[in-house]
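Welcome! Please take a moment to look over the chain shown below before reading on.

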Amino acid sequence: MKRQYLGDSYDAVKRLWQEAFAEWAPLYAEPRFMPEDIRDAFTVITRIPMLDQNHPPRYSIFNDPDTGIRSPDRANQREGVTHVGLATIVKQLDDRAVRCVITFDQSHHREPGFSPADQRKTKMLCLRGKGLHCFYYVSHAPFLFVFSTLVSLKEARARLRGVGIPDHRIEMPQ
């Protein structure tokens, strides 16, 4: 998350996720993607506090890398504030208290014949192969939602429907 983007329309969507999940499994932002000097302002606008040891027994993690999620075929590239790997998301779900990991993802390679939809599908199928459940919210600001249980996925989708997210914005792996 860069200071120059603080307060943009993407932050409004992030706030919607927090409101939708507040009673079910409130979001906590992974601080490594957030410069220290804007963490408080980020929390004010999105209502998503930074992840620390003081979280409820059931919660969700929000990853906000500058760009998004590394493609599985580029998993050997290092992570940083710009990208997160699928392995990191999988590891975040090792904590049984975590119901969901939501990750901002505008990371698309411009290779011919490999569309953004194909790339999202590849990431979801990789996660499915690890026994996880997931879907994408597809819009100008795409987000990957990942769950360790199918029950949690269904509960989260119901919450998103409850705040008015239409089904055509949800992309499931085929």
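## What you are looking at

This is a predicted model, in which local features need pLDDT of at least 70 and side-chain atom pairs count only at pLDDT 80 or more, while totals for chains, interfaces and linings use all residues. Residues are numbered from 1 along each chain as its sequence is written, and side-chain values use heavy atoms, with hydrogens and water left out.

## The chain as a whole

Let us start with the overall plan. The chain has 5 helices and 8 strands; these are DSSP runs, with helices being H or I of at least four residues and strands being E of at least two, numbered from the N terminus. Along the sequence, they come in the pattern α-β-α-β-β-β-α-β-α-β-β-α-β.

Of the 174 residues in the chain, 46% are buried. Here, buried means under 20% relative accessible area, exposed means over 50%, and partly exposed is in between, using a 1.4 Å probe and protein chains only. The chain exposes about 8700 Å², and carbon and sulfur atoms supply 51% of that area (areas come from the Shrake-Rupley method with a 1.4 Å probe, and for residues only the protein chains shown count as cover). Among contacts with a separation of 6 or more, 65% are between residues 24 or more positions apart; a contact means heavy atoms within 4.5 Å.

Helix α5 has 13 residues, 150-162, and at 1.5 Å a residue it should span 18 Å; its end C-alpha atoms are 18 Å apart, which agrees. The expected span is 1.5 Å times one less than the number of residues.

Which residues of α5 are buried? They are Ser-152, Leu-153, Ala-156, Arg-157 and Leu-160. Seen down the helix axis, the buried residues of α5 fall within an arc of 135 degrees, so they line one face; the arc is that of the directions from the axis to the C-beta atoms. As background, an α-helix has 3.6 residues a turn, so residues three or four places apart point the same way. The cover over the buried residues of α5 includes α1 (9-21), β5 (98-104), β6 (133-137), β7 (143-147) and β8 (170-171). On the other side of α5, Val-151, Lys-154 and Gly-162 are exposed.

Leaving out residues up to four places away in sequence, Ser-152 touches Trp-24, Arg-99 and Phe-147. After the helix comes Gly-164, with a positive phi near 95 degrees.

## A cluster of rings

How many aromatic pairs does a search of the whole structure find? It finds 11 aromatic pairs. Rings of Phe, Tyr and Trp (its six-membered ring) pair if their centres lie within 6.5 Å; planes under 30 degrees apart count as stacked, over 60 as edge-to-face and the rest as tilted.

The rings of Trp-17 and Phe-145 have centres 5.2 Å apart and planes at 85 degrees, so this pair is edge-to-face. The pair links distant parts of the chain, with Trp-17 in helix α1 and Phe-145 in strand β7, 128 residues apart. Trp-17 is buried at 0% relative accessibility, and Phe-145 is buried with a relative accessible area of 0%. Phe-135 and Phe-147 form a tilted pair, 5.7 Å centre to centre with 35 degrees between the planes. Phe-135 lies in strand β6 and Phe-147 in strand β7, so the pair ties together parts 12 residues apart in sequence.

Ring pairs also build a cluster, whose members include Tyr-10, Phe-62 and Tyr-137. Lys-14 lies over the face of Phe-104, at 5.9 Å from the ring centre; a charge sits over a ring if NZ of Lys or CZ of Arg is within 6 Å of the ring centre and within 35 degrees of the ring normal.

Phe-21 lies in helix α1 and is buried, with 0% relative accessibility. Leaving aside neighbours within four places in sequence, Phe-21 is in contact with residues including Pro-26, Cys-100, Phe-145 and Ala-156. Phe-21 and Tyr-59 are 38 residues apart in sequence and 8.7 Å apart in space, C-alpha to C-alpha.

Arg-47 sits in the loop between α2 (39-46) and β2 (59-63). Arg-47 counts as partly exposed, at 46% relative accessibility, and its phi is near 65 degrees, a positive value in a residue other than glycine.
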